[in-house]
Structure formats: structure tokens, C-alpha cells
Amino acid sequence: MSLSGHGLTPRLKPLSARKSAILSVLDIGTSKVVCIVAELKPADEVEALRSRTHVARILGIGHQRSVGLKGGVIVDLEAAESSIRQAVHAAERMAKVEIQSVIVNLTGGRLGSEHFDAHIPVRGAVGSGDVHRVLDAASSHDMRRGRAVLHALPTGFSLDRQNHIVDPAGMIGEQLGVDLHVVTSEAAAARNLMLAVERCHLGIEAVVATPYASGLSALVDDEADMGCAVIDMGGGTTSVGIFSNGHLVHSDAIAVGGHHVTMDIARGLTTRVSAAERLKTLYGSAISSSADDRDMIAVPQVDEDERDVPNHLPKSHLVRIIKPRVEEVLELARDRLKNAGFAAQAGRRVILTGGASQLVGLPETARRILQGQVRVGRPLGIKGLPEAAKGPAFSAVVGLLVYPQVAHIEYFEPRSSGFFQGTGTDGYISRVGRWIRDSF
């Protein structure tokens, strides 16, 4: 099935650079659900963030523990719906608006990349019709069955033998080419994510791959131009995005994240999961130190009467549990980058983001394993974020606010039918319309 005829997630209408807008976004993760309502106003160009046309000011934010998801994929529809409703209602109360539709992100569902190219003959100067024809040709390639297209990003045009052309319109040549990067996920994962959102009576404006959103939020333009890898370490998944020449050129995801570290601690120290999460947050580290054997930590253990009985252990026990799992995640990310053939384009620059990237000693461990310059990425260029939401855990949801400002670069074949029509997840509005037609 070709890309142009393939089931596509909803395409977002491009945001005018001269108009203000109020936008709602929803980050549905394995460990938390975050809903943000923000006002986007046209802004003057900022040197570090030249690709952004608007500045976002937060009006409302709702934050809720995520239930019903595992590895970024919905496993309990009702529980997931309840988490989404609570986060959305909290954001609505704070912003004093009613949310009608949202932009959501997708991490699970085996995110992957496919690359297509196409060439067409042209006569004289390249016109907009020629650009459209070459993009049509690139999108006519066959896609794997069972995959949903999230993004179709032209990463560069060529004219005769000249590559890396940003916009060929008006240039003269004989053969026009384009490279198209298509980000896909499993259709079932995307379908169920959209269904959970639509059950909350919300429309869906777009579905964005999490590594793309995190990169839009945490990278300055120079990093995206020179080449870097963004590793978003979430609760249930670790997703990877590679940026080069200002474009997302590769995406991938691994179904291992911070929650796996928590479970390792709970099993290794025979304590409750909530206590293991607290120990990881307060005392966890990815690197050992000479003081670890002397520092004692209290590990609550449940006895027969279901009372917490503290057991005092050296901190080194905790570090020895955390360290192998963190190294495993980073080694998996390194191997995925190497196997994909994009290690050179990443330029030895790595940006760690996501909630699990806040672990003490993680940047040092990443430098050793990934052999590059490593920094922790946080949301950039957003006004009104609460202090608690300025950390790496909120990079993806802030990136969803940036996405409408760059959505115009994507290419999708114009279609009259929606992505999920006829698949059992058509939107709430269409279901109401069908009920009215059937009833009257």
C-alpha cells in the first residue's frame, strides 16, 4: 500500500505566523499524563530558536499519574481514559476554558523510520507543481502492512547533482529529486491511543512521535543543524531521534525505561514498588562512589502484619541494582544508532531528556557508553511553566506546543477521508452525527 493511500493520522492545519491561537496538548506516557493549555502569540525571531514563529504562554496545566499503559501502549482502556479525563479537567479548571481537541504524542507501538526518494524531469525553472509532483512520486512507495504514518518529512531536495537544497522553487535544472523520511508506528497502538482520547469526548488534531516532540522542545537550532541524537528516557520506553541539517532523519524506540529500574529495586531489595520509586528518586545513582558503603538507607519491608519494617542497608546495594539496568538501556540505544547507520550524522552530540534522565550520574555513564558530548535537555522558550514542570520530564509535552509551528514542512497527500474511518474509531462528532441520522 502506498504512502498516499495509507491510513494516516490526522494532519494538523499549519499555524499562521501572524495569528495567535489557543492550543491544547496531551502527553500520554507510561508514568504520567500531562495536559497543557497554552496561548501562542507571534514572536520576534530568537537567535537560538529561529525555527519558532510563536512564543507559548501556559494558561493551564493538569498532571496525573498514568494508569492503563505499559511500554507506551494502552493495555487497559478504561483506566487510561480515567487518567486522561483527570489531567484534562485539571488543565481546564486552571485555564478556565473547555478543551475541544488536542495534539497527542505516541511513544509505543514500535516507532520506526523508512526513507524514500524520487526523481522527476523538469524543464527550466522549478515551479510549485514540480515540487508537488516529486513529493507525490516519493510518497507512492509501498508501506508495510499494519503500520500507521505519523510524519512524512522531506529532508532535502536535489537538482541535477546538487544536493541538500532546502527549497528548489525558482531554481533551474533538468532533474529534481527529494528524500522523504516517513515515521511510522504500529496501527493498533495508534488506533487505541486515539480511541482512549476520543472516549473523553476530545477531537485529535495530530499524533506526534515522542522523540520528534522532545527534540523540538529541548534542542536549539544549531544543534539540530550540526547533528545530534535526542534520547528521551521515559517510564516505560526510551525513544531515540536523530536530527541533522535541521530535520528529523531517524526515529526509534526501546521498550525499557525508568519503571524497569524501579521494578529491579523492588525485587532486589524486597520492598513495595512505591518505596522503590522513592529510594530511586532520593538515593539512586548510576555511578558508584567511595562513600556508598558507609551511607546507610532505610528500606521499608512489609511484615506479616502489613506494617513497614525498616531494614537498613548500605547505599552501595542500591547502586549495584540501578547501574546494570541503566547501562543496558544506554547500550541498547547505542546499538540502535549504530545499526541504523546514523551514528555519524548524530555528530557525537547526545541530548538526554525525559523523566528517567534525571537520575544522578546518568550523564557521566552516557558519556562513557555513547562516547560523545552529553547534556540533559529541558524545555526551552516557554513562558509561564510552573517550576515543577521545567525539568526534562516535560520536554515531550512542551514539544507538542512547538509542533504546530513546524507542521507546514510535512507532506501528506490531500485526502477527504480521515485516518480511522471504517476502523471502528471514527471520531466522537461523527458518531453523534450518525446517531442523529439514524434516530431522525
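Start by selecting Glu81, Arg85 and Arg199: a network of salt bridges links them. A salt bridge here is a side-chain nitrogen of Lys or Arg within 4 Å of a carboxyl oxygen of Asp or Glu, and by that rule the count comes to 15. What you have open is a predicted model, where local features need pLDDT of at least 70, side-chain atom pairs count only at pLDDT 80 or more, and totals for chains, interfaces and linings use all residues. Residues are numbered from 1 along each chain as its sequence is written, and side-chain values use heavy atoms, with hydrogens and water left out.

Next, pick Arg110 and Glu186. Their closest N and O atoms sit 3.1 Å apart in a salt bridge. Arg110 is in the loop between strand 6 (101-106) and strand 7 (112-121), while Glu186 belongs to strand 10 (residues 175-186), so this pair ties together parts that are 76 residues apart in sequence. (Strands are DSSP runs of E, at least two residues, and helices are runs of H or I, at least four, numbered from the N terminus.) Color by accessibility if you like: Arg110 is exposed at 63% relative accessible area, and Glu186 is partly exposed at 31%. Buried means under 20%, exposed over 50%, and partly exposed in between, with a 1.4 Å probe and protein chains only.

Now hop to Glu114 and Arg144, whose side chains form a salt bridge at 3.4 Å, N to O. Glu114 lies in strand 7 and Arg144 in the loop between helix 2 (128-138) and strand 8 (147-159), so parts 30 residues apart in sequence are tied together. Glu114 is buried, at 14%, whereas Arg144 is partly exposed, at 48%.

Then select Glu223 and Arg375, a salt bridge of 2.8 Å, N to O. Here the link is between distant parts of the chain, helix 5 (residues 221-226) for Glu223 and strand 18 (residues 373-376) for Arg375, 152 residues apart. Glu223 is buried at 12% relative accessibility; Arg375 is partly exposed at 30%.

Last stop: helix 8 (residues 315-340) and helix 9 (residues 362-370). They pack at about 45 degrees, with axes 10 Å apart; the axes are lines fitted to C-alpha atoms over the stretch in contact, and angles run from 0 to 180 degrees between N-to-C directions. Show side chains for the contact (heavy atoms within 4.5 Å): on helix 8, the residues include Val326, Leu330 and Arg334, and on helix 9, Leu362, Ala366 and Ile369 are among them. By class, this contact has six nonpolar, one polar and five charged residues.

Terms used. Nonpolar A, V, L, I, M, F, W, Y, C, P; charged D, E, K, R; others polar.
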